[in-house]
Amino acid sequence: MKLVYQQMVAFLIVTLSTLLVLGLIFIRFSTNMVYRNKWSSLEGYADSLYQQSIVTDPMTGNLKAVQISGLQNSEKLLTDQRVHFTIYLQNNVIAYPKQNISPKINKEQWAKLRKGKVVTSKSDTKQFSAGRVRPMTEVMKPYLNSKRQVICVISVGSPVSNIQSDVQKIRYNLWIAAGFSALVAVIAAFFLSRYTANRINRLRAAAHKVANGDFDVTVPTGGRDEIHDLSVDFNRMSKSLKTSNAEVQRQEQRRREFMADAVHEMRTPLTTINGILEGMQYGALPEDSQEESIELMQRETKRLIRLVNDNLDYERIRTNSITLNKTNINIKEVVDRIYSQIKNKADEVHDDLIVTVDPNLTVLADYDRFVQIMFNIIQNAIQFTSDGKVEVSGSADDKNTEIVISDTGIGMSEEQLQNIWERYYKADASRMQTKGESGLGMAIVHQLVKAHDGTIKVSSEVGRGTTFKLTFPIAK
Ligand SMILES: Nc1ncnc2c1ncn2[C@@H]1O[C@H](COP(=O)(O)OP(=O)(O)OP(=O)(O)O)[C@@H](O)[C@H]1O
Ligand SMILES: [Mg+2]
């Protein structure tokens, strides 16, 4: 069932059941009211009949006489109003009217009357007139002497038809009110639920778009209800889907670029090796260049192996499948060792290698992985710096060891900085062919530092140089 109808039905059920309960209570209450009014006026008649007809001893209050003559006038008057009365004396004797009618007060009623209580009945008393039975409402009022004994009971009755017509009117009005309220409820429910359904439909349409890959959707928010909350969450979801989709596409793009580059990169050494091997096979290589050819083949093979290894390494670190054997490592010793290995390259581009680390400063890390981190950063620094300097410094507080590697090289732009931790990222793609880089160095460094629970930050300025700041926690 559509939401609109569901809500309309729910609204109707609530409205009608409320009306029903209230209506029943109201009808009961007003019927009782009508009866009570009737009874009090009947009681009034009884009192005036008593005064007109009953003569009592002023001392004892006992009955002296019943003056029938006064009653006959009253009877005429009351008959016009369809009021009937009977006067009973003690022992159920009827003093008026004189016709031969049987007493109608039963034992229980007498018991109450003797206690001085007025007995009322709603419609169980019947009156026979012109052959028809008419339901009556009746009041029986006892009159007592000074000893509180009943001297007479006056019963006054009136047909209930006028009462019933009053009640009927109330019922009729109630029905009209119920009908009107139900109509208002249906109309209100329709508009309210259409408003809700529209908002849900808007969300549905947006969800459809997202399902079809369009993440550029936002649904309007407003109000303070659950649909508003849902809309806010939906917008947040589509936004984050958009970001992650963009991220996936960016990664995919980078992977494709890398594949293209890697294939190209691999083809060059493979073609070189293949050419040399073919030359050897057909004896086309001059004797004296054979050693040189083998060296060339070795270099090319190493390049290939490095490319493959770097990729494997990156994946292993990223998926946490390496074990770190952490020890306290003397930083200066490591930097000195790397400097001595890399000195030739630094000399080629006239870079000064400086280390200003306290000889006692240590860092808690896996030795080989720490060397790998430092080597990659220092190697980059030398690669991208000429006629400048590369400096490593270090310090420690009670939580972390900090290592800073700075160079005075070409630096990086804002965009290059943002992508530096990305796999396969090279700021200058054309360098790949000349230097054989894979753009994996920084991605590996980033993952390794993370694996050590450390942090790595980079700041750089084009033409002025780059600074890497690493921190490693001291102990757990
Ligand atoms: N110190 C630096 N100064 C300027 N640019 C840098 C520096 N370090 C890194 N970069 C830039 O970041 C890119 C990514 O560095 P990364 O070490 O990951 O790759 P790579 O050095 O090109 O290749 P690989 O290290 O795998 O041989 C570099 O190509 C370079 O453009
Ligand atoms: Mg590098």
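Good morning. At 27% relative accessibility, Asp47 counts as partly exposed, a class lying between buried, under 20% relative accessible area, and exposed, over 50% (1.4 Å probe, protein chains only). The model is predicted, so local features need pLDDT of at least 70 and side-chain atom pairs count only at pLDDT 80 or more, while totals for chains, interfaces and linings use all residues. Residues are numbered from 1 along each chain as its sequence is written, chains are lettered from A and ligands numbered from 1 in the order in which they are written, and side-chain values use heavy atoms, with hydrogens and water left out.

Which residue meets Asp47 in a salt bridge? The partner is Lys141, at 3.0 Å, N to O; a salt bridge here is a side-chain nitrogen of Lys or Arg within 4 Å of a carboxyl oxygen of Asp or Glu. This pair links distant parts of the chain, 94 residues apart: Asp47 is in helix α1 (residues 3–53) and Lys141 in strand β6 (residues 132–144). Helices (H or I, at least four residues) and strands (E, at least two) are DSSP runs, numbered from the N terminus. Lys141 is buried, with a relative accessible area of 15%.

I turn to helix α7. Lys343 and Asp347 form a salt bridge at 3.1 Å, N to O. They are four residues apart in helix α7 (residues 331–348), and therefore separated by about one helical turn. Lys343 is partly exposed at 44%, and Asp347 likewise at 39%. Elsewhere, salt bridges that share partners join Glu43, Asp47 and Lys141 into one network.

By this rule, the count comes to 13 salt bridges. Thank you.
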